[in-house]
Amino acid sequence: MSSKTPPNLPSAMKAVVLMGPNRLEMQHIPIPIPGPTDVLIRVESCAICRSDLGMMEKPFPGQSPYGQTILGHEYAGTVVALGDTVDEFEIGDRVAVEAHLGCGRCRNCRLGDYTSCLNYGNRTKGHRCNGHVTPGAYAQYVVNHINTVYKIPDSVSFDEASLVTNVGCVLYGIENLGGYIVGERVLVVGAGPLGLAAASAANALGADKVYLSDVLADRLEVGKKIGVQRTINAVAEDPLKVILDDTQGLGVNYAIESSGTQAGLDLAVNATCRNGKILMLAIPHQPLKVDLENLSLNDKDIITNRGESRANVARAVSLLANGLVNLKPLATHRFPLDDYETALSVFRERKEGAIKVILHPQE
Ligand SMILES: [Zn+2]
Ligand SMILES: [Zn+2]
(Lines give C-alpha, C1' and ligand atoms only; values in the text may rest on other atoms or scores of the structure.)
(Ligands and ions follow the chains in the order given, each with its own letter.)
Protein backbone atom coordinates (compact mmCIF):
# COMPACT_ATOMS: atom_id res chain seq x y z
CA MET A 1 0.00 0.00 0.00
CA SER A 2 0.99 3.62 -0.33
CA SER A 3 3.21 5.38 2.18
CA LYS A 4 0.17 7.27 3.42
CA THR A 5 -1.44 4.09 4.74
CA PRO A 6 -1.57 3.93 8.52
CA PRO A 7 0.28 0.85 9.79
CA ASN A 8 -2.57 -0.30 12.00
CA LEU A 9 -4.84 -1.59 9.21
CA PRO A 10 -5.52 -5.32 9.13
CA SER A 11 -4.50 -7.17 5.95
CA ALA A 12 -7.85 -8.93 5.43
CA MET A 13 -11.48 -7.88 5.69
CA LYS A 14 -14.95 -9.34 5.76
CA ALA A 15 -16.89 -9.04 2.51
CA VAL A 16 -20.17 -10.51 1.31
CA VAL A 17 -19.46 -11.82 -2.21
CA LEU A 18 -22.08 -12.70 -4.84
CA MET A 19 -21.23 -16.25 -5.97
CA GLY A 20 -24.23 -16.98 -8.22
CA PRO A 21 -27.87 -16.03 -8.67
CA ASN A 22 -29.21 -15.12 -5.20
CA ARG A 23 -26.17 -16.81 -3.63
CA LEU A 24 -24.12 -14.69 -1.27
CA GLU A 25 -21.16 -15.81 0.81
CA MET A 26 -19.27 -14.15 3.64
CA GLN A 27 -15.55 -14.27 2.83
CA HIS A 28 -12.27 -12.96 4.22
CA ILE A 29 -10.40 -11.25 1.41
CA PRO A 30 -7.44 -8.83 1.14
CA ILE A 31 -8.19 -5.17 1.82
CA PRO A 32 -8.21 -3.32 -1.53
CA ILE A 33 -5.29 -1.01 -2.34
CA PRO A 34 -6.03 2.57 -3.40
CA GLY A 35 -4.56 3.78 -6.70
CA PRO A 36 -2.80 7.18 -7.02
CA THR A 37 -6.09 9.15 -7.21
CA ASP A 38 -8.11 7.01 -4.77
CA VAL A 39 -8.84 6.83 -1.09
CA LEU A 40 -9.47 3.76 1.02
CA ILE A 41 -12.67 4.07 3.04
CA ARG A 42 -13.57 2.12 6.16
CA VAL A 43 -17.28 1.48 5.64
CA GLU A 44 -19.41 2.51 8.61
CA SER A 45 -22.89 2.33 7.02
CA CYS A 46 -24.10 0.75 3.79
CA ALA A 47 -27.77 0.95 2.82
CA ILE A 48 -29.41 -1.90 0.93
CA CYS A 49 -30.99 -0.71 -2.32
CA ARG A 50 -33.73 -2.35 -4.37
CA SER A 51 -31.29 -2.60 -7.29
CA ASP A 52 -29.05 -4.81 -5.10
CA LEU A 53 -31.86 -7.37 -5.09
CA GLY A 54 -32.12 -7.04 -8.89
CA MET A 55 -28.38 -7.65 -9.33
CA MET A 56 -28.53 -10.66 -6.99
CA GLU A 57 -31.26 -12.18 -9.11
CA LYS A 58 -29.84 -11.51 -12.56
CA PRO A 59 -26.66 -9.59 -13.48
CA PHE A 60 -27.15 -6.04 -14.77
CA PRO A 61 -25.23 -5.05 -17.93
CA GLY A 62 -21.61 -4.37 -16.98
CA GLN A 63 -21.83 -6.24 -13.68
CA SER A 64 -18.59 -7.88 -12.52
CA PRO A 65 -18.44 -11.73 -12.64
CA TYR A 66 -19.76 -14.02 -9.91
CA GLY A 67 -17.08 -14.54 -7.28
CA GLN A 68 -15.95 -10.91 -7.68
CA THR A 69 -19.16 -8.95 -7.24
CA ILE A 70 -19.48 -7.14 -3.92
CA LEU A 71 -22.79 -5.28 -3.80
CA GLY A 72 -23.48 -2.04 -1.93
CA HIS A 73 -23.43 1.36 -3.63
CA GLU A 74 -25.04 3.57 -0.95
CA TYR A 75 -22.49 3.99 1.82
CA ALA A 76 -20.52 6.31 4.03
CA GLY A 77 -17.41 5.90 6.13
CA THR A 78 -14.02 7.15 7.21
CA VAL A 79 -10.95 7.75 5.04
CA VAL A 80 -8.17 5.47 6.30
CA ALA A 81 -5.59 5.59 3.48
CA LEU A 82 -4.70 7.98 0.67
CA GLY A 83 -3.40 7.34 -2.84
CA ASP A 84 0.04 8.78 -3.61
CA THR A 85 -1.21 12.01 -5.20
CA VAL A 86 -4.18 12.70 -2.91
CA ASP A 87 -4.07 15.92 -0.92
CA GLU A 88 -7.81 16.65 -1.14
CA PHE A 89 -8.60 14.41 1.84
CA GLU A 90 -6.98 13.50 5.12
CA ILE A 91 -6.96 10.28 7.06
CA GLY A 92 -9.89 10.41 9.47
CA ASP A 93 -12.20 12.44 7.22
CA ARG A 94 -15.83 11.38 7.50
CA VAL A 95 -17.20 11.00 3.97
CA ALA A 96 -20.24 10.22 1.84
CA VAL A 97 -19.78 8.78 -1.65
CA GLU A 98 -21.43 8.23 -4.98
CA ALA A 99 -21.11 4.94 -6.80
CA HIS A 100 -20.46 6.20 -10.33
CA LEU A 101 -17.16 7.27 -11.76
CA GLY A 102 -17.43 7.84 -15.51
CA CYS A 103 -14.63 6.91 -17.90
CA GLY A 104 -13.89 10.62 -18.33
CA ARG A 105 -13.08 10.09 -22.03
CA CYS A 106 -16.48 9.69 -23.74
CA ARG A 107 -18.72 12.54 -24.88
CA ASN A 108 -21.28 12.08 -22.10
CA CYS A 109 -18.63 12.06 -19.40
CA ARG A 110 -17.07 15.20 -20.90
CA LEU A 111 -20.49 16.85 -20.63
CA GLY A 112 -20.76 15.77 -16.99
CA ASP A 113 -23.45 13.16 -17.62
CA TYR A 114 -21.27 10.34 -16.40
CA THR A 115 -24.13 8.09 -15.23
CA SER A 116 -24.79 7.73 -18.99
CA CYS A 117 -21.12 6.91 -19.68
CA LEU A 118 -20.72 5.43 -23.17
CA ASN A 119 -18.11 3.05 -21.74
CA TYR A 120 -20.41 1.91 -18.93
CA GLY A 121 -19.06 -1.31 -17.42
CA ASN A 122 -15.70 -1.05 -19.21
CA ARG A 123 -13.22 -1.09 -16.34
CA THR A 124 -10.16 -0.99 -18.59
CA LYS A 125 -11.37 2.37 -19.95
CA GLY A 126 -11.73 3.67 -16.42
CA HIS A 127 -15.45 3.32 -15.79
CA ARG A 128 -16.39 2.36 -12.25
CA CYS A 129 -19.65 1.85 -10.45
CA ASN A 130 -18.97 0.50 -6.99
CA GLY A 131 -21.36 -2.25 -5.96
CA HIS A 132 -22.02 -3.14 -9.58
CA VAL A 133 -19.05 -2.86 -11.96
CA THR A 134 -16.41 -2.50 -9.23
CA PRO A 135 -16.47 -3.77 -5.62
CA GLY A 136 -18.98 -2.14 -3.29
CA ALA A 137 -19.58 -1.81 0.41
CA TYR A 138 -21.09 -5.06 1.64
CA ALA A 139 -17.55 -5.13 2.99
CA GLN A 140 -15.43 -3.50 5.68
CA TYR A 141 -13.29 -1.44 3.26
CA VAL A 142 -13.76 -0.03 -0.22
CA VAL A 143 -11.70 2.05 -2.66
CA ASN A 144 -13.18 5.22 -4.17
CA HIS A 145 -11.78 7.67 -6.70
CA ILE A 146 -11.57 11.10 -5.08
CA ASN A 147 -14.11 12.53 -7.58
CA THR A 148 -16.74 10.32 -5.92
CA VAL A 149 -16.04 11.27 -2.29
CA TYR A 150 -17.53 14.15 -0.25
CA LYS A 151 -16.66 15.26 3.26
CA ILE A 152 -19.54 15.40 5.72
CA PRO A 153 -19.71 17.35 8.99
CA ASP A 154 -19.91 15.60 12.36
CA SER A 155 -23.57 16.65 12.59
CA VAL A 156 -24.50 14.19 9.81
CA SER A 157 -24.64 10.54 10.88
CA PHE A 158 -23.12 7.82 8.71
CA ASP A 159 -26.54 6.19 8.37
CA GLU A 160 -28.05 9.39 6.97
CA ALA A 161 -24.98 10.07 4.80
CA SER A 162 -25.26 6.60 3.25
CA LEU A 163 -28.60 7.67 1.75
CA VAL A 164 -27.36 10.85 0.09
CA THR A 165 -27.19 9.50 -3.47
CA ASN A 166 -30.97 9.13 -3.35
CA VAL A 167 -31.16 12.92 -3.07
CA GLY A 168 -28.43 13.25 -5.71
CA CYS A 169 -30.61 11.24 -8.14
CA VAL A 170 -33.59 13.46 -7.43
CA LEU A 171 -31.57 16.66 -7.93
CA TYR A 172 -30.16 15.39 -11.23
CA GLY A 173 -33.72 14.68 -12.40
CA ILE A 174 -34.90 18.11 -11.30
CA GLU A 175 -31.92 19.75 -13.02
CA ASN A 176 -32.80 17.98 -16.27
CA LEU A 177 -36.46 18.87 -15.83
CA GLY A 178 -35.82 22.57 -15.68
CA GLY A 179 -34.45 22.91 -12.21
CA TYR A 180 -36.68 25.54 -10.63
CA ILE A 181 -39.10 24.40 -7.94
CA VAL A 182 -39.39 27.46 -5.70
CA GLY A 183 -43.04 28.52 -5.52
CA GLU A 184 -44.26 25.53 -7.57
CA ARG A 185 -46.67 22.77 -6.60
CA VAL A 186 -45.15 19.30 -6.69
CA LEU A 187 -46.76 15.86 -6.60
CA VAL A 188 -44.60 12.86 -5.72
CA VAL A 189 -46.18 9.52 -6.63
CA GLY A 190 -44.81 6.64 -4.53
CA ALA A 191 -43.35 6.96 -1.03
CA GLY A 192 -40.41 4.56 -1.37
CA PRO A 193 -36.91 5.80 -0.51
CA LEU A 194 -36.51 7.78 -3.76
CA GLY A 195 -40.01 9.25 -3.54
CA LEU A 196 -39.43 10.34 0.06
CA ALA A 197 -36.07 11.82 -0.92
CA ALA A 198 -37.84 13.66 -3.77
CA ALA A 199 -40.46 15.08 -1.42
CA SER A 200 -37.79 16.24 1.00
CA ALA A 201 -35.73 17.80 -1.83
CA ALA A 202 -38.78 19.59 -3.27
CA ASN A 203 -39.39 21.11 0.15
CA ALA A 204 -35.74 22.12 0.43
CA LEU A 205 -35.94 23.82 -2.97
CA GLY A 206 -38.84 25.97 -1.80
CA ALA A 207 -41.87 24.24 -3.30
CA ASP A 208 -45.13 26.03 -2.57
CA LYS A 209 -46.78 22.74 -1.64
CA VAL A 210 -45.70 19.09 -1.81
CA TYR A 211 -48.22 16.28 -2.21
CA LEU A 212 -47.20 12.67 -1.65
CA SER A 213 -49.38 9.78 -2.80
CA ASP A 214 -49.02 6.09 -1.88
CA VAL A 215 -51.10 3.10 -0.82
CA LEU A 216 -49.04 2.34 2.31
CA ALA A 217 -50.14 4.33 5.36
CA ASP A 218 -46.88 3.81 7.30
CA ARG A 219 -44.81 5.28 4.46
CA LEU A 220 -47.12 8.30 4.27
CA GLU A 221 -46.49 8.81 8.00
CA VAL A 222 -42.76 9.00 7.22
CA GLY A 223 -43.68 11.56 4.54
CA LYS A 224 -45.29 13.73 7.22
CA LYS A 225 -42.14 13.43 9.37
CA ILE A 226 -39.98 14.81 6.56
CA GLY A 227 -42.30 17.78 6.02
CA VAL A 228 -44.81 16.82 3.31
CA GLN A 229 -47.81 19.15 3.63
CA ARG A 230 -50.41 16.86 2.08
CA THR A 231 -50.16 13.08 2.06
CA ILE A 232 -52.74 11.18 0.03
CA ASN A 233 -53.64 7.58 0.84
CA ALA A 234 -54.67 6.30 -2.58
CA VAL A 235 -56.69 3.51 -0.97
CA ALA A 236 -58.93 5.92 0.92
CA GLU A 237 -58.95 8.93 -1.42
CA ASP A 238 -58.77 9.63 -5.15
CA PRO A 239 -55.39 11.40 -5.50
CA LEU A 240 -56.37 13.15 -8.74
CA LYS A 241 -59.53 14.58 -7.18
CA VAL A 242 -57.60 15.73 -4.09
CA ILE A 243 -55.08 17.60 -6.25
CA LEU A 244 -57.58 19.15 -8.65
CA ASP A 245 -59.84 20.25 -5.77
CA ASP A 246 -56.85 21.81 -4.03
CA THR A 247 -55.53 23.66 -7.10
CA GLN A 248 -58.73 25.18 -8.54
CA GLY A 249 -58.74 22.41 -11.11
CA LEU A 250 -55.29 23.33 -12.47
CA GLY A 251 -53.07 20.54 -11.18
CA VAL A 252 -49.44 20.59 -10.06
CA ASN A 253 -46.53 22.20 -11.90
CA TYR A 254 -44.30 19.15 -11.46
CA ALA A 255 -45.12 15.49 -10.94
CA ILE A 256 -42.37 13.13 -9.87
CA GLU A 257 -43.28 9.51 -10.64
CA SER A 258 -41.56 7.16 -8.22
CA SER A 259 -43.87 4.12 -8.17
CA GLY A 260 -43.02 2.59 -11.56
CA THR A 261 -46.66 1.57 -12.07
CA GLN A 262 -49.19 2.31 -14.80
CA ALA A 263 -51.55 3.87 -12.24
CA GLY A 264 -48.72 6.06 -10.95
CA LEU A 265 -47.75 7.26 -14.41
CA ASP A 266 -51.39 7.97 -15.31
CA LEU A 267 -51.80 9.97 -12.11
CA ALA A 268 -48.60 11.93 -12.79
CA VAL A 269 -49.77 12.80 -16.32
CA ASN A 270 -53.34 13.69 -15.32
CA ALA A 271 -52.45 15.67 -12.18
CA THR A 272 -49.94 17.90 -14.02
CA CYS A 273 -51.16 21.29 -15.21
CA ARG A 274 -50.85 22.63 -18.73
CA ASN A 275 -47.17 23.29 -19.55
CA GLY A 276 -46.20 21.22 -16.50
CA LYS A 277 -43.41 18.67 -16.31
CA ILE A 278 -43.24 15.04 -15.31
CA LEU A 279 -40.08 13.38 -14.00
CA MET A 280 -39.90 9.60 -14.36
CA LEU A 281 -37.76 8.81 -11.34
CA ALA A 282 -38.83 5.17 -11.06
CA ILE A 283 -37.57 2.64 -13.58
CA PRO A 284 -40.63 0.53 -14.55
CA HIS A 285 -39.75 -3.08 -15.26
CA GLN A 286 -42.46 -3.55 -17.87
CA PRO A 287 -43.60 -1.30 -20.74
CA LEU A 288 -46.10 1.36 -19.63
CA LYS A 289 -48.56 3.31 -21.77
CA VAL A 290 -48.51 7.06 -21.74
CA ASP A 291 -51.29 9.39 -22.94
CA LEU A 292 -49.25 11.36 -25.49
CA GLU A 293 -52.37 13.22 -26.66
CA ASN A 294 -52.74 14.65 -23.17
CA LEU A 295 -49.03 15.57 -23.12
CA SER A 296 -49.02 17.15 -26.59
CA LEU A 297 -52.30 19.08 -26.37
CA ASN A 298 -51.29 20.49 -23.00
CA ASP A 299 -47.62 21.02 -23.81
CA LYS A 300 -46.48 18.82 -20.93
CA ASP A 301 -43.03 17.27 -20.92
CA ILE A 302 -41.96 13.94 -19.54
CA ILE A 303 -38.35 13.01 -18.94
CA THR A 304 -36.54 9.98 -17.59
CA ASN A 305 -33.67 9.89 -15.16
CA ARG A 306 -30.88 7.52 -14.32
CA GLY A 307 -28.39 8.18 -11.59
CA GLU A 308 -26.92 11.31 -10.09
CA SER A 309 -24.61 13.03 -12.60
CA ARG A 310 -22.91 16.43 -12.66
CA ALA A 311 -22.54 18.12 -9.27
CA ASN A 312 -25.72 16.70 -7.81
CA VAL A 313 -24.30 14.51 -5.06
CA ALA A 314 -22.23 17.49 -3.89
CA ARG A 315 -25.44 19.54 -3.85
CA ALA A 316 -27.24 16.77 -1.96
CA VAL A 317 -24.45 16.64 0.63
CA SER A 318 -24.79 20.42 1.02
CA LEU A 319 -28.55 20.12 1.63
CA LEU A 320 -27.90 17.39 4.18
CA ALA A 321 -25.07 19.24 5.93
CA ASN A 322 -27.24 22.35 6.24
CA GLY A 323 -30.19 20.41 7.62
CA LEU A 324 -32.41 21.23 4.62
CA VAL A 325 -33.30 17.62 3.84
CA ASN A 326 -34.12 15.06 6.49
CA LEU A 327 -33.31 11.45 5.64
CA LYS A 328 -33.22 10.15 9.22
CA PRO A 329 -36.76 8.70 9.20
CA LEU A 330 -35.87 6.64 6.11
CA ALA A 331 -33.21 4.64 7.98
CA THR A 332 -35.59 2.28 9.76
CA HIS A 333 -33.39 -0.78 10.46
CA ARG A 334 -29.73 -1.53 11.19
CA PHE A 335 -27.78 -4.81 11.27
CA PRO A 336 -24.13 -5.86 11.55
CA LEU A 337 -22.72 -7.12 8.23
CA ASP A 338 -22.66 -10.66 9.69
CA ASP A 339 -26.47 -10.55 9.76
CA TYR A 340 -26.76 -9.69 6.07
CA GLU A 341 -29.28 -12.47 5.41
CA THR A 342 -31.70 -11.13 8.01
CA ALA A 343 -31.10 -7.58 6.80
CA LEU A 344 -31.90 -8.53 3.21
CA SER A 345 -35.09 -10.36 4.17
CA VAL A 346 -36.31 -7.45 6.32
CA PHE A 347 -35.72 -5.14 3.37
CA ARG A 348 -37.14 -7.44 0.71
CA GLU A 349 -40.31 -8.21 2.65
CA ARG A 350 -40.63 -4.68 4.11
CA LYS A 351 -40.92 -6.20 7.58
CA GLU A 352 -41.86 -3.85 10.44
CA GLY A 353 -42.35 -0.93 8.06
CA ALA A 354 -38.78 -1.23 6.73
CA ILE A 355 -37.81 1.52 4.28
CA LYS A 356 -34.02 1.57 4.28
CA VAL A 357 -32.07 -1.18 5.98
CA ILE A 358 -28.47 -0.30 6.83
CA LEU A 359 -25.53 -2.68 7.21
CA HIS A 360 -22.82 -1.83 9.74
CA PRO A 361 -19.65 -3.68 8.61
CA GLN A 362 -17.54 -2.64 11.61
CA GLU A 363 -19.84 -4.16 14.24
ZN1 LIG B 1 -29.39 2.64 -4.88
ZN1 LIG C 1 -17.67 7.90 -20.16
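Two residues are taken to be in contact if their C-beta atoms, placed from the backbone, lie within 7 Å. Helices (H or I, at least four residues) and strands (E, at least two) are DSSP runs, numbered from the N terminus. The structure is a predicted model, in which local features need pLDDT of at least 70 and side-chain atom pairs count only at pLDDT 80 or more, while totals for chains, interfaces and linings use all residues. Residues are numbered from 1 along each chain as its sequence is written, with chains lettered from A and ligands numbered from 1 in the order in which they are written.

Take the pairing of H4 and H5 to start with. On the H4 side, Asn166, Val167, Cys169, Val170 and Leu171 meet Pro193, Leu194, Ala197, Ala198 and Ala201 of H5. Sorted by class, that contact holds nine nonpolar residues, one polar and no charged. (Ala, Val, Leu, Ile, Met, Phe, Trp, Tyr, Cys and Pro count as nonpolar, Asp, Glu, Lys and Arg as charged, and the others, Gly among them, as polar.) The axes of H4 and H5 come within 9 Å and cross at roughly 65 degrees; such axes are lines fitted to C-alpha atoms, for helices over the stretch in contact, and the angles run from 0 to 180 degrees between N-to-C directions. The crossing of H4 and H5 is right-handed, a label used if the near helix is turned clockwise from the far one by less than a right angle, with left-handed used if anticlockwise.

H4 (residues 164-177) also packs on H10 (residues 312-321). Here the angle is about 120 degrees, and the axes are 8 Å apart. That makes H4 oblique to H10, given that angles under 35 degrees count as roughly parallel, over 145 as roughly antiparallel, 65 to 115 as roughly perpendicular and the rest as oblique. H4 passes H10 in a right-handed crossing. The H4 residues involved are Val164, Thr165, Val167, Gly168, Leu171, Tyr172 and Glu175, and they face Asn312, Val313, Arg315, Ala316, Val317, Leu319 and Leu320 of H10. By class, this contact comes to nine nonpolar, three polar and two charged residues.

H10 itself is mostly covered, with seven of its 10 residues buried. A residue is called buried if 20 or more other C-beta atoms lie within 10 Å of its own, exposed if 12 or fewer, and partly exposed in between, with C-beta atoms placed from the backbone. The buried set in H10 is Asn312, Val313, Arg315, Ala316, Val317, Leu319 and Leu320. These buried residues pack against strands S5 (94-97) and S9 (149-151) and helices H3 (158-161), H4 and H5 (193-204). Just after H10, glycine 323 takes a positive phi of about 70 degrees.

The loop between strand S15 (301-304) and H10 holds arginine 310, and serine 309 lies in that loop too. Serine 309 counts as buried, with 26 C-beta neighbours inside 10 Å. Leaving aside its neighbours within four places in sequence, serine 309 is in contact with Gly112, Asp113, Tyr114, Thr115 and Tyr172. Arginine 310, with 17 C-beta neighbours inside 10 Å, counts as partly exposed. Its phi is near 55 degrees, a positive value in a residue other than glycine.

Another helix pair is H7 (residues 239-246) with H8 (residues 262-271), packed at an angle of about 15 degrees with axes 10 Å apart. H7 and H8 are therefore roughly parallel to each other, and H7 passes H8 in a right-handed crossing. Pro239, Leu240 and Ile243 of H7 meet Leu267, Asn270 and Ala271 of H8. This contact has five nonpolar residues, one polar and no charged. In the loop between H7 and strand S13 (252-257) sits glutamine 248, which is exposed, with 7 other C-beta atoms within 10 Å. Phi of glutamine 248 is near 50 degrees, again a positive value in a residue other than glycine.

As for domains, the assignment gives domain 1 (12-163 + 327-360) and domain 2 (167-304); such bounds come from an automatic or database domain assignment. Their centres, taken over C-alpha atoms, are 29 Å apart. Seven residues from domain 1 and 10 residues from domain 2 make the contact.
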